[in-house]
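Okay, thanks for having me. Let me put the structure up, and then I'll walk you through it.

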Amino acid sequence: MSAQSPDTPATCAELDDELSQVRYHYDLILSAAGEGIYGLDTQGNTSFVNPAAASMLGWDAEALIGRSMHELHHHTHPDGTPFTKENCPIYAAFHDGKVHHVDAEVFWRKDASCLPVDYTSTPIIDHGSLARAVAVFQHITQRKQTEAAFHKSSAELDHIQTRRGPATADLQTQIHPKKTFAGI
């Protein structure tokens with residue numbers, strides 16, 4: 001048995017403290033993020049989840065750890081048809097090693113209501129192997145409502161312009177003649 005130097009315990013304690021500080025800062029970042037963030041192991045079970053994700057999905061974060069996120073919130077399309085794991089872009093990230101971004105899909109909340117989301121699923125590489133995936137999502141109801149209002153307004157404007165026709169354009173020219181520098 002070799003003798004340890006008196007500095008070894010202090011050095012280990014310092015490293016432990018430094019590691020604790022790094023973990024603490026990562027926890028602060030994950031907790032502060034407004035987007036939902038969760039990690040999956042290669043079986044699709046939750047390895048971590050931030051408070052925003054748990055809140056948006058209607059769960060306590062602790063209740064999600066170790067559970068299949070696909071079975072809990074990504075099992076069905078909005079029309080009720082099943083969404084299989086084999087076709088799931090979130091799971092694809094740790095099978096094909098590619099980043100997958102999906103616009104305008106739904107996750108299901110604990111209360112069985114749907115949550116319109118955009119999400120990105122990114123593979124996590126550990127020592128050269130696909131080990132996990134992280135999914136980042138955001139609630140898009142507000143954006144969808146804004147887009148719908150914009151499209152409605154745009155269609156109404158097109159309709160008004162179509163009804164106006166060339167006669168109205170000529171009338172407007174007569175009412176508001178062009179100003180030129182010659183008249184100054």
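So, let's begin on helix α1, residues 7–32, which is where you'll find Ile29. Keep in mind this is a predicted model. Is Ile29 buried or exposed? Ile29 is exposed, at a relative accessible area of 56%.

Okay, zooming out for a second. The protein chain has six helices and five strands, and reading from the N terminus the order is α-β-β-α-α-α-α-β-β-β-α. Out of 184 residues, 26% are buried. The accessible surface is about 12600 Å², with 57% of that coming from carbon and sulfur atoms. As for contacts between residues at least 6 apart in sequence, 41% of them join residues at least 24 apart.

Now the charges. Lys85 counts as partly exposed because its relative accessibility is 32%, whereas Glu71, at 55%, counts as exposed.

One more lysine for you: Lys110 lies over the face of Trp59, 4.9 Å from the ring centre.

That brings me to the rings. There are four aromatic pairs in the structure. Take Tyr91 and Phe94: this pair is tilted, with 5.4 Å centre to centre and 40° between the planes. They're three residues apart in helix α5, so about one helical turn separates them. Both Tyr91 and Phe94 are buried.

Then there's Phe107 with Phe137, an edge-to-face pair at 5.0 Å centre to centre, with 70° between the planes. Which strands does this pair link? Phe107 is in strand β3 (residues 100–108) and Phe137 is in strand β5 (residues 129–139), so we're again looking at distant parts of the chain, this time 30 residues apart. Phe107 and Phe137 are both buried, too. And they belong to a cluster: ring pairs connect Tyr38, Phe107, Tyr119 and Phe137.

That's my tour, thanks.

Methods. Residues are numbered from 1 along each chain as its sequence is written. This is a predicted model: local features need pLDDT of at least 70, side-chain atom pairs count only at pLDDT 80 or more; totals for chains, interfaces and linings use all residues. Side-chain values use heavy atoms; hydrogens and water are left out. Buried means under 20% relative accessible area, exposed over 50%, partly exposed in between (1.4 Å probe, protein chains only). Helices (H or I, at least four residues) and strands (E, at least two) are DSSP runs, numbered from the N terminus. Contact means heavy atoms within 4.5 Å. Accessible areas come from the Shrake-Rupley method with a 1.4 Å probe; for residues, only the protein chains shown count as cover. Rings of Phe, Tyr and Trp (its six-membered ring) pair if their centres lie within 6.5 Å; planes under 30 degrees apart count as stacked, over 60 as edge-to-face and the rest as tilted. A charge sits over a ring if NZ of Lys or CZ of Arg is within 6 Å of the ring centre and within 35 degrees of the ring normal.
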